[in-house]
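Please read it with the structure open.

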Amino acid sequence: MGASRLPFKNLLRKPGRTAALLLLTALLAAAVFGGSLVIGSLRSGLDSLEARLGADIIVLPSSAESKVSFKNILLQGTTGAFYMDASVLDQVRAAQGVEIAAPQTFLASLKADCCAVKVQIIGIDPETDFIVKPWIDESYSHELGDMEVVVGCNVTAGVGETLKIYDQHTHVVARLAETGTGLDTAVYCSLDTMKKLLAAAEAKGVTHQISSDTDDLISAVYVKVKDGWDVGLVNTWLNGHVRKVTAVRARSMFTDVSDSLAGISRAVTGLIGAVWALALIVLLIAFAMMIHERRREFAVLRLLGVSRRGLRAEILAETGLCSLAGALLGVGIAAAGVFPFTTLIETRLGLPYLTPSAVTVLRLASVTLLATLLVGGVAGAWAAARLSRVDPGVALREGE
Amino acid sequence: MKKSIIPACAMLALSLVVIAGSQTFLAPCAHEDGSLGACHWAGQALLGEGCLLAVLAAAALALKKERAGLYLAMIPSSILGICTPGGLIALCKAPTMRCRMLMRPAMIILFAAMLVVALTGWLLTRREAR
């Protein structure tokens, strides 16, 4: 048998010991890869939300629940509807510093049959919209016609199918790309279609809690401020001069989401650090015990002519093989535990969650493999250094 | 102790998780109106497949001579389990429904693990027989 096969033979000869080391390194790799993947997905989700919400200011009805409802629609995909008079739009457009003001109208669908869930319907003005339109343009290049809708990627209806909303038949013309936010469960239509749906909802007994006609209802106005203008000043002006509305800076609206994300990142990073420290200590102890147990075996190898350097190489090869196999196993376990449960994690966290690109995932997996090999290498090198100080003669006489 | 008994123990443990999971922590959601959707029957089918694999695993623990054949029988049974939720029996359409976001991925992972265990058990039994 060649010396190169010795590490394999040694690992296979003691399957229990090898399995324990393998599981330990797998735990280490799974913690690093799984934790990094979840944090990366949350960051991607927040980036996606910020990219999709390219407004500087969002104007909402002044009721306390409208702001909460609006955030829940965006982050958790829950349904909500709140309204203000459409005249607000003209007042906002008249404000100094406002470059574009685009309205949106919200409506929550009814739960239909066993598996249908409520969906958020969002009416947009295709001529002025700068929030959803560019996103729709990625999937559908035509104008949204009468009773035509575009659906988020988590809505069950497919392109070409008919979606029944308040007994009105709408035609699905496109499906949008995933954003990892609540917008994935929404249905988008033009304001004209929305007016018909609002009237149909009213006929079904859904009240809009506002005295205006359904033709004059809007839910939110997205504002883009002219270059060179202070967003804060425009926001303050809108709050002071437009009645019964609250103007919110888009960035401040998601401050608490960023804070939650930072909190989760800190917790996961702390957990990874603790697992690493623990795994390194356990690996050092495990290798020290293994070396102690095999002192006589190594002494025999020394007497057979294997140099100290050769022994060190043998130990490092064993730890390297164990670490590599454990890291691959750990990455596999973490991938199986995270990727299939993306929707579940997103729902439970209530935060934007978008799986990073394949390149980023591969990069994370590579870093995990290297880090695990490094930890295994450090533990192996330490054990090898201890062994090189042992005299073979003394080791063989022990226990006689 | 024969090594080939270890996969049978693992198979028994995994099938008990499937049995318990299909009725409790991995079960599809109950409909408000009390009706039974396709996902409910998918859960019932998974319960049956879990029971079948539990019986096969218990038999593999008890019957030494028939162990290789029992492991072989576990292989198609595990594949059946992988194919059941969303494949052979439809689930709810919405990706946010419990059957789609929890039961299906969890059951596929469990049955895939059982497939690996069954294959390992069969290989170990064959090696021991030689």
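1. **Basis.** This is a predicted model: local features need pLDDT of at least 70, side-chain atom pairs count only at pLDDT 80 or more, and totals for chains, interfaces and linings use all residues. Residues are numbered from 1 along each chain as its sequence is written, while chains are lettered from A and ligands numbered from 1 in the order in which they are written.

2. **Chain A, overall.** Chain A has 14 helices and eleven strands. Helices (H or I, at least four residues) and strands (E, at least two) are DSSP runs, numbered from the N terminus. The C-alpha atoms of chain A fill a box of roughly 100 × 45 × 35 Å along the principal axes.

3. **Domains.** Chain A splits into domain 1 (3–47 + 258–397) and domain 2 (63–243). The bounds come from an automatic or database domain assignment. The C-alpha centres of the two domains lie 49 Å apart. Eight residues of domain 1 are in contact with six residues of domain 2. Contact means that the C-beta atoms, placed from the backbone, lie within 7 Å. On the domain 1 side, the residues are four nonpolar, three polar and one charged. Here Ala, Val, Leu, Ile, Met, Phe, Trp, Tyr, Cys and Pro count as nonpolar, Asp, Glu, Lys and Arg as charged, and the others, Gly among them, as polar.

4. **Chain B.** Chain B has four helices and zero strands. Its C-alpha atoms fill a box of roughly 55 × 20 × 15 Å along the principal axes. Buried residues make up 39% of its 130 residues. A residue is buried if 20 or more other C-beta atoms lie within 10 Å of its own, exposed if 12 or fewer, and partly exposed in between, with C-beta atoms placed from the backbone. For chain A, 37% of the 400 residues are buried.

5. **Interface.** Twelve residues of chain A are in contact with 13 residues of chain B. Helix 12 (residues 342–349) of chain A gives the largest share of the chain A side, three residues. That side has seven nonpolar, five polar and no charged residues.

6. **Cores.** A nonpolar core is a set of buried Ala, Val, Leu, Ile, Met, Phe, Trp, Tyr and Cys residues joined through C-beta atoms within 7 Å. The largest has 98 residues, and A:Ile57 is among those that touch the most other members. Helix 2 (residues 15–52) of chain A gives the most to this core, 16 residues. Both domain 1 and domain 2 of chain A supply at least three residues each. Another core, of 31 residues, lies apart from it and includes B:Met74 and B:Phe111.

7. **Helix 10 of chain A.** Within residues 295–303, A:Phe298, A:Ala299 and A:Arg302 are buried. Seen down the helix axis, the buried residues fall within an arc of 105°, so they line one face. The arc is that of the directions from the helix axis to the C-beta atoms. The buried residues pack against helix 11 (308–338), helix 13 (358–388) and helix 14 (392–397) of chain A. The face turned away carries the exposed A:Glu297 and A:Leu303. After helix 10 comes A:Gly305, with a positive phi near 110°.

Notes:
Two residues are in contact if their C-beta atoms, placed from the backbone, lie within 7 Å.
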